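Here is a colleague's note to read with the sequence and the model side by side. Please find each residue in the structure as it comes up, and take the points in order.

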Amino acid sequence: MNDDLDDLKAMMATPKPDAQRRAADLALAQKNFENLQGSTDQPRPTPVTGLNGLWTGVTTMLSTFTSKGGLTATTALVACGFLFLTPTGQDMWQSDGSRVTGNEHLIDPIPESDAIPAETTAAVDKALAEAPANFTTPAPVEAEDFDDSALTRPAEARGRVIEVPPAMEMADVQNMGDVAAPTVAPAPAPNARRLNTQGAPEFNGVMPSMVDMAPPPLDTNTERFANADSNPLKVTAEEPVSTFSIDVDTASYSIVRNSIMRGQLPPAEAVRVEEMINYFPYDYAAPEAGGDPFQPTVSVIPTPWNADTQLVHIALQGELPIVDERPALNLVFLIDTSGSMSDASKLPLLKQSFLLMLDQLRPEDEVAIVEYAGSAGQVLAPTPASERTKIRNALNGLGAGGGTNGQGGLEQAYSIAESMSSDGEVSRVLLATDGDFNVGLSDPSGLENFIADKRDTGTFLSVLGFGRGNLNDQTMQTLAQNGNGTAAYIDTLSEAQKVLVDQLTGALFPIASDVKVQVEFDPTQIAEYRLIGYETRALNREDFNNDAVDAGDLGAGHTVTALYEVTPVGSPARMTDPLRYGAAQAAEESDELGFLKLRYKEPGADVSQLIETPILRNSTASTEAQFAASIAGFGQILRGDSNLGSWSMGDAIALATENKGADSFGYRAEAIQLMRLAESLGRN
Amino acid sequence: MTTSDEDLAYAAANGDGQAFASLLDRHYDRLFAYCFRMTGQRSEAEDLTQDICAALPAKLASYQRRAKVTTWLYRVAMNAAHDRRRKQATYAKASDGWGDWEQARTAVNHEAADQIDWLTQAMAQLAPDLRDTLALVLDDMTHAAAAEVMGVSEGTISWRISEAKKALKAIKEKEDAQ
């Protein structure tokens, strides 16, 4: 049948493929093949939530349940019910207490699992651990009540130590309060520290009191946001002095905005209230020329969310040096070009942002570019800013690909910065990344030491974060705090405009280094106080006068705002009872509530200067202070803080709207918009 | 050449770049020849082959172990050719007129240089179905294999081949008559 086809075939002349085309096609196919391998996304996990998830779980459990296991478990349940729900059972169990508590758990109703007799089945173990919640119904006692009563107890009254098992929930703490409050005293600081897993580095060993008697944080090693639990209420009589370092970062606000704009409330640990407050420029009294580089303004205003407390509003306004006289600037852009940066919101936005900034530089400024991806490389040798085309081309030539070696890049950037710097010039490395330091030294403390060393040689570091999903906020924070720089998160071109154009001078030229704030409250006037935000910036009391301890820097024209919520003596809002045996002091009403001390160093100086001013009772609530308060409220609501009572997002919106002020850049209007969005999101 | 095509394709589908490279290297010439037969023009065949090469990595996912690699490859090529024809039809409709004429002119120049044989020219006049089928069978494929590639029954292939032969004969007679 194919005979005539063979004839046809004989007539056929098939040309040979062109060798070049052949090679090109093969190469193209190979390239596409590689691309395809690289970009394969992980399959998106199907979220199983709510009732469905529960039901799936239950059916899975039931279908895999063997009758033997079922019998063991139900028998164990009945046994536990007998043990805990009947008086006889409870007697048996309580008389057994000495055997159950291995350490000092005399009043701890939760036996540790290792103390349970070995023959008990795993099911009993589990039931035992859950049992206390069954047999003592949690009374509706305010958590603060317990905490504070424990806190106010003088040190001598402290009895045995309770070790709180890490898995213990707040409800259990409450139960403990009900059952054993008279003899319970809080764990001393070292134990409390054990629970504080995620504090910033300078927090280590600093926990002024038992911060974490409040719910012990989950193990947050997988979280990459730097934060700590909200500052606890302090009793002035016990701890009249509060010390912290200023924080001029704004990254947290941008992250919050980015989350809300994407239709999600931000994770609570991403919210740092002080960074949200300090995101906004405020119109505070400017320092006098020739005096200190910044001017503190202190006012006391009524707390928006609590009529019986007051807010102490501490504002620092940095001087704005004459811009024309600024020293020449050496900038090293250290740009992460790892594969993860290829997102439109990462490398492309970064390029645009830096191009915006380029127009702000002077001809005498110099720019160098280093990229890091797998291996670090210098893309642009130090080039005067006047050669704009050259810099622009170098920036545009960057492409994303490869792994990330943050430290290799840092080392190279610093060595270039050092080669560029001469007398009177300011050198700064601008690190732009999505937070990925996953090759090489990924341990924040190793990098941090390296940067701290370099800071002492006069090269500073600022960190710009880009993109979400990969953001390692904690590393960013640590690096910037140690590099005397700011950490900013850039999610839009207008944010780049704010950080790199409008506020460039402030971001790059420090006017005061190591600015520390110490407030001493008068216990006869103020019963309790609480610092809002600055959790990651707490300092030891003695660190204030120790010039070797690093703190935040204030840039030209920057404003810093700190808020304390204070409860006056005799206020009904007081959470703790006055001491019966404390030193009885005549509470005469005085105008001075406390005393504010500030320490700073002139840039480059080793010895600090001191500024002091009393905190006076006054009631002039400025627009600026009120707006700061509204943002503080917003931040605390996002953090899920319990101190605001019924004060809601709606109240925050009203307060912010009233105090919007001139708002020439529209930042405040944007914040109000965010609050409204967050309010709607919060309802879902 | 100890590894079978099927093993190579399987490895390639699982991300082995080396396997993919050697697989394509083995079959490139055959693929080009088939493309040429389907299009009847060298330039067209080159472009089509390039399209297929570019898309092949993504298509690997659709490769089933139980099919012969050649079968799978021919099917991919045939589909690509169909896509291309469809696009050209749209384009031709849009650029009716001078563009068409210019294209035809350059194509003719090209063909002349290539000294295209009679069969190829004649095949270009066949209906696309017949042409594709004939191209497969001329490539030493059995009717059964061709049926698998085209997703039709073996009988259909046989019928198409006989139709194609009839058509070719008619063309031949017409030319001889002139």
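Predicted model: local features only at pLDDT ≥ 70, side-chain atom pairs only at ≥ 80, totals over all residues.

1. Of the 684 residues in chain A, 42% are buried. When the contacts in chain A between residues at least 6 apart in sequence are taken together, 78% of them join residues at least 24 apart.

2. Chain B has 9 helices and 0 strands, so that what one reads from its N terminus on is the run α-α-α-α-α-α-α-α-α. Buried residues make up 33% of the 178 residues in chain B. Among the contacts in chain B with a separation of 6 or more, 64% are between residues 24 or more positions apart.

3. In chain A, an open sheet is formed by 5 strands in the order β1-β12-β14-β4-β3, and the pairing is antiparallel. The edges are taken by β1 (234-235) and β3 (294-303) of chain A, each of which has a single partner strand, and therefore one side of each is left without a neighbour in the sheet.

4. Which strand pairs with β3(A) over 10 bridges? The partner is strand β4 of chain A, residues 306-318, and the two strands pair in the antiparallel sense. To follow this pairing by eye, find A:I301 and look across to β4(A), where A:L311 stands opposite.

5. Strand β11 of chain A, which covers residues 510-521, can be followed through two pairings. With β13(A) it runs antiparallel, and 3 bridges join the two strands; here A:A512 has A:L554 in β13(A) as its bridge partner. With strand β15 of chain A, residues 592-601, β11(A) again runs antiparallel, and this time 7 bridges join the strands; A:F521 stands opposite A:G594 in β15(A).

6. Strand β13 of chain A (residues 552-555) deserves a look of its own, for A:G552 and A:L554 point one way from the strand, while A:D553 and A:G555 point the other way.

7. One of the places to check is A:E592, whose bridge partner in β16(A) is A:L616.

8. Among the helices of chain A, consider α20 (residues 623-639) and α21 (residues 649-658), whose axes come within 8 Å and cross at roughly 160 degrees. An angle over 145 degrees counts as roughly antiparallel, and α20(A) and α21(A) are therefore roughly antiparallel to each other. Their crossing is left-handed. On the side of α20(A), the residues that meet α21(A) include A:F627, A:G633 and A:I637, and on the side of α21(A) they include A:M649 and A:L655. Sorted by class, this contact of α20(A) with α21(A) has 8 nonpolar, 3 polar and no charged residues.

9. In chain B, helix α1 (residues 5-13) packs with helix α2 (residues 17-39) at an angle of about 135 degrees, and their axes are 7 Å apart. That angle makes α1(B) oblique to α2(B). The crossing of α1(B) and α2(B) is left-handed. Where the two helices meet, the residues include B:D5 and B:L8 in α1(B) and B:F20 and B:L23 in α2(B). By class, the contact of α1(B) with α2(B) has 7 nonpolar, 1 polar and 1 charged residues.

10. Finally, look at B:L31, which is found in helix α2 of chain B. Why does B:L31 count as buried? The threshold is 20 or more other C-beta atoms within 10 Å, and B:L31 is buried because it has 25 of them within that distance. Leaving aside its neighbours within four places in sequence, B:L31 is in contact with B:T49, B:I52, B:L73 and B:A77. The C-alpha atoms of B:L31 and B:L48 are separated by 9.7 Å, and these two residues are 17 residues apart along the chain.

Terms used. Residues numbered from 1 in each chain as written. Chains lettered and ligands numbered in written order. Axes fitted to C-alpha atoms, helices over the stretch in contact; angles between N-to-C directions. Helix = DSSP H or I, 4+ residues; strand = E, 2+ residues; numbered from the N terminus. Parallel < 35°, antiparallel > 145°, perpendicular 65-115°, else oblique. Left-handed = near helix turned anticlockwise from the far one by under 90°. Contact = placed C-beta atoms within 7 Å. Nonpolar A, V, L, I, M, F, W, Y, C, P; charged D, E, K, R; others polar. Buried ≥ 20, exposed ≤ 12 C-beta atoms within 10 Å, placed from the backbone. Pairing = 2+ DSSP bridges.
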